[in-house]
Amino acid sequence: MEKFEKVTGIAAPMPLVNIDTDMIIPKGFLKTIKRTGLGVHAFDEMRYDRQGNENPDFVLNKPQYREAQILVVGDNFGCGSSREHAPWALADFGIKVIISTSFADIFYNNSFKNGMLPIVLPQEQVDILMKDAEKGSNARMTVDLENQEITTSEGETIKFDVDAFKKHCLLEGLDDIGLTLEKAAAIDSFETQMHQARPWV
């Protein structure tokens, strides 16, 4: 997993509430166990019509938001089923940060494990960032994980909270496998001791 330190990029406004995991990645695309290749299907039913043509009214299809790395979204983002394909799809699309007033717990935790930073803020601060995002590609936000702050295109700074352990994992680029490998020396030592104590095992 890539290390996450600071993101400066375009923020796309998605004020809809209760965007569930089926809206993020419909069930028809859950056959794969690969984390890559799902970005093209992110928000598929909102992004395309039945013939597969892009919906020009959908925010991520608009020219100014095609390269968005930050989403400013409505309340209760990522609700519904626990499919990990949802954060896979968003990460593969290029999303690094999602800002909302609340997230479904499983989606929230899965986001960290897939290198994305979900940020919870009060409604009034989300409203400020939503308005900033509505300015389009000329209005770039900066999200600084180390200092736990968001800077709007006009230089306004908003602080955010994040769990210390999750912050450490993102800064160091550690997913569950990476965390285990950090203990590789201790694991090897234990295995050696066990083999000496119980060679028949």
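Q: What counts as a helix or a strand when the place of Asn147 is described?
A: Helices are DSSP runs of H or I with at least four residues, and strands are DSSP runs of E with at least two, numbered from the N terminus. On that basis Asn147 lies in the loop between strand 5 (140–144) and strand 6 (149–151), and the protein chain as a whole has eight helices and seven strands. This is a predicted model, in which local features need pLDDT of at least 70 and side-chain atom pairs count only at pLDDT 80 or more, while totals for chains, interfaces and linings use all residues. Residues are numbered from 1 along each chain as its sequence is written, and side-chain values use heavy atoms, with hydrogens and water left out.

Q: Why is Asn147 called partly exposed?
A: A residue is buried under 20% relative accessible area, exposed over 50% and partly exposed in between, with a 1.4 Å probe and protein chains only. The relative accessible area of Asn147 is 42%, so Asn147 is partly exposed. Its C-alpha atom is separated by 29 Å from that of Arg35, which is 112 residues apart along the chain.

Q: What makes the phi of Phe43 worth noting, and is the residue buried or exposed?
A: Phe43 has a positive phi of about 60 degrees although it is not a glycine, and its place is in the loop between helix 1 (21–24) and helix 2 (44–47). At 0% relative accessibility, Phe43 is therefore counted as buried.

Q: How is Asn76 classed, and why?
A: Asn76 has a relative accessible area of 24%, so it is partly exposed. Asn76 is placed in the loop between strand 2 (70–73) and helix 3, and its phi is near 65 degrees, a positive value in a residue other than glycine.

Q: What makes helix 3 mostly covered?
A: Seven of the nine residues of helix 3 are buried, namely His85, Ala86, Pro87, Trp88, Ala89, Leu90 and Phe93. These buried residues pack against helix 1, helix 2, strand 2, strand 3 (97–100) and helix 4 (105–113). Just after helix 3, Gly94 takes a positive phi of about 120 degrees.

Q: How do you know which residues line the largest pocket?
A: On a 1 Å grid over the protein atoms alone, a pocket is an open set of points where a 1.4 Å probe fits, with protein on both sides within 12 Å along at least five of seven lines, and lining residues have an atom within 4 Å of a point. The largest pocket has a volume of about 360 Å³, the volume being the space filled by probe spheres set on the points, which are joined across faces, edges and corners. Of its 18 lining residues, the closest to its centre are Met1, Ala91, Lys96, Asn114 and Gly115. Strand 1 (6–14) and helix 3 (85–93) are the elements that give two or more residues to this lining, and helix 3 supplies the largest share, three residues.

Conventions
Contact means heavy atoms within 4.5 Å.
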